[in-house]
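Thanks for coming. I will go through one model today, starting with the overall fold and then moving to the aromatic side chains.

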Amino acid sequence: EVKQQGTNLIKAAMGLHALVSSTFRKTAANFHYEFNIRHISNVFQGLLVSHPDQFPSVEKFVLLWLHESERVYGDRLVNSSDFSKYNTLAQTQCKKIFPSFPTAKYYASENAEPLVFCHFVESIEEPIYDQITSLVNMSNVLEDALREYNETNATMDL
C-alpha cells in the first residue's frame, strides 16, 4: 500500500519544495532562506530511516513526510509568521496530493496533536523510529534517560 503511493509522495515533496523555495526568498535579513536540492535530499533521508513494520498505512507515512519536511524547512524559518505560512503550504500540498488524509488536527491553533517522530518513542534503549502520540510520554522517557545518565556519570564541579 505504501509502495503504491511512492510517485505521489515524490510529487508532494517536490511540490512542497518548489512552494517553499518560491515563498521564502533569500534576503539581507534572512540570508539563510536558500533552499536547494540538499534540503529535499534531507527530507528523503529522514524518510529512509523508517522501518516498514512501523508504517503499515500510507497515512502514517504521509505524516512522517510532513514531519521530516517540517524538520528540514520549518526549522530554518525565523519567526512565527513564516512558520505559519510554511504550515499553510504544507497542508495545502498534502490536501492536493492526499485529499483523504486528515491533517488539520496536527496544525490546529489550539490543542494541536504532536506531529513528532523520533527514535525514543517507548524508551531510549529501543531505537524504533515512530510517531510520538503523547508529549507527556515523550517527556517521561527523556526525564528517565536524563536521570539514568546523571546516576551513571559524575557531575562536574565547575
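Before the fold, a word on terms: helices (H or I, at least four residues) and strands (E, at least two) are DSSP runs, numbered from the N terminus. With that, the elements of the protein run α-α-α-α-β-β-α from the N terminus on, which comes to five helices and two strands.

This is a predicted model, so local features need pLDDT of at least 70 and side-chain atom pairs count only at pLDDT 80 or more, while totals for chains, interfaces and linings use all residues. Residues are numbered from 1 along each chain as its sequence is written, and side-chain values use heavy atoms, with hydrogens and water left out.

Now the overall numbers. The C-alpha atoms fill a box of roughly 50 × 45 × 30 Å along the principal axes. Of the 158 residues, 38% are buried; buried means under 20% relative accessible area, exposed over 50%, and partly exposed in between, with a 1.4 Å probe and protein chains only. Contact means heavy atoms within 4.5 Å. Among contacts between residues at least 6 apart in sequence, 58% join residues at least 24 apart.

On charge, there are 13 positive and 19 negative side chains, and the centres of the two sets lie 16 Å apart. Lys and Arg count as positive and Asp and Glu as negative, leaving out His and the chain ends. Each charge is placed at NZ of Lys, CZ of Arg, CG of Asp or CD of Glu.

Next, the aromatics. Rings of Phe, Tyr and Trp (its six-membered ring) pair if their centres lie within 6.5 Å; planes under 30 degrees apart count as stacked, over 60 as edge-to-face and the rest as tilted. How many aromatic pairs does the structure hold? There are nine. One of them is phenylalanine 35 with tyrosine 73, edge-to-face, at 5.7 Å centre to centre and 65 degrees between the planes. That pair links distant parts of the chain, 38 residues apart: phenylalanine 35 is in the loop between helix H1 (6-23) and helix H2 (37-48), and tyrosine 73 is in the loop between H3 and H4. Phenylalanine 35 is buried at 10% relative accessibility, and tyrosine 73 is buried at 1%.

Another pair is phenylalanine 117 with tyrosine 129, tilted, at 6.4 Å centre to centre and 40 degrees between the planes. Phenylalanine 117 lies in strand S1 (residues 116-118) and tyrosine 129 in the loop between S1 and strand S2 (130-132), so this pair ties together parts 12 residues apart in sequence. Both residues are buried.

Ring pairs also link Phe24, Tyr33, Phe35, Tyr73, Phe83 and Tyr86 into a cluster. What does leucine 77 contact, leaving aside its neighbours within four places in sequence? Phe24, Tyr33, Phe35, Asp82, Phe83 and Tyr86. Leucine 77 lies in the loop between helix H3 (58-72) and helix H4 (80-97), and is buried at 12% relative accessible area. Its C-alpha atom is separated by 8.7 Å from that of phenylalanine 24, 53 residues away along the chain.

Last, one backbone detail. Most residues other than glycine have a negative phi. Asparagine 111, in the loop between H4 and S1, has a positive phi near 55 degrees. Is asparagine 111 buried or exposed? Asparagine 111 is exposed, at 76% relative accessible area.
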